[in-house]
Amino acid sequence: MVVVVMGVSGSGKTTVGMALAEKLAVPYAEADEFHPRSNIDKMTSGVPLTDADRKPWLLAIAVWIGEHAESGGVVTCSALKRSYRDLLRSGGPAWFLHLHGSREVIAGRMSGRSGHFMPPSLLDSQFADLQPLSPDEAGFTADVTEPVDRIVAEAADLLRS
């Protein structure tokens, strides 16, 4: 099974995803690397992506999920909407680790980071699109204020059970 570490920009997907992949000894993929250049340019200029913009990106991640369905893996992806997660699951079985935090906490994190193309001005559009995991979706919601090692340990325990 592949774990998709999801959440709005600035929630810690890369940090948690890398740590979880290391703990599980599986490959890791960063969702930002699947974006076409046009998406990165759009976000860099402060324009939110549309569903049409996201579709090729989500399909590319779904392919990666399919390629790692048997061996396992961890990939990051905002996966904000149920329809996006359904598209990701079309590649193969996926378990979602939703990193959730308040707008204030996430905004504080975003303002303190550098070198990322996603500007803090797009955070509200991400929260507007966010649909939490439904009870019928395999996964777990973690509080981003918890230490990374605690989030990773809890996720690994849940995956093993």
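So, which residue of β4 does Val5 stand opposite? It's Leu97.

Before I go on, this is a predicted model, so to speak of local features we need pLDDT of at least 70, side-chain atom pairs count only at pLDDT 80 or more, and totals for chains, interfaces and linings use all residues. Residues are numbered from 1 along each chain as its sequence is written, and side-chain values use heavy atoms, with hydrogens and water left out.

Okay, strand β1. Two strands pair if DSSP finds at least two bridges between them. β1 runs parallel to β4, with five bridges joining them. On β3, residues 73-76, there are four bridges to β1, again parallel, and Val2 stands opposite Gly73 there.

Now burial. Buried is under 20% relative accessible area, exposed is over 50%, and partly exposed is in between, using a 1.4 Å probe and protein chains only. Five of the five residues of β1 are buried, so the strand is largely enclosed by the rest of the structure. You can see it on both faces: Val2, Val4 and Met6 are buried on one side, Val3 and Val5 on the other.

Next, helix α4, residues 82-89. Tyr84, Arg85 and Leu88 are buried there. Looking down the axis of α4, the buried residues fall within an arc of 95°, so they line one face of the helix. That arc is taken from the directions from the helix axis to the C-beta atoms. What covers them? Among the elements in contact, meaning heavy atoms within 4.5 Å, are β1, α3 (51-67), β4 (94-100) and α6 (123-129).

Over to α2, where Asn39 sits. Asn39 counts as buried because its relative accessibility is 2%. Leaving aside residues up to four places away in sequence, Asn39 touches Leu49, Asp53 and Trp57.

Side chains of opposite charge can pair when their charged atoms come close. A salt bridge here is a side-chain nitrogen of Lys or Arg within 4 Å of a carboxyl oxygen of Asp or Glu, and the structure holds 13 of them. Take Lys42 and Asp53, with the closest N and O atoms 2.5 Å apart. Lys42 is in helix α2 and Asp53 in helix α3, so the pair ties together parts that are eleven residues apart in sequence. As for accessibility, Asp53 is buried at 18%, while Lys42 is partly exposed at 25%.

Then Glu137 with Arg89, closest N and O atoms 3.1 Å apart. This one links distant parts of the chain, 48 residues apart: Glu137 in the loop between α6 and β5 (139-143), Arg89 in helix α4. Glu137 is buried at 6%, and Arg89 is partly exposed at 24%.

One more pair: Arg103 and Asp124, at 2.5 Å, N to O. Arg103 is in helix α5 and Asp124 in helix α6, 21 residues apart. Arg103 comes out partly exposed at 34%, and Asp124 is partly exposed at 44%.

Last stop, Glu33, in the loop between β2 (28-29) and α2 (37-44). Is Glu33 buried or exposed? Exposed, with a relative accessible area of 68%.

Key: Helices (H or I, at least four residues) and strands (E, at least two) are DSSP runs, numbered from the N terminus.
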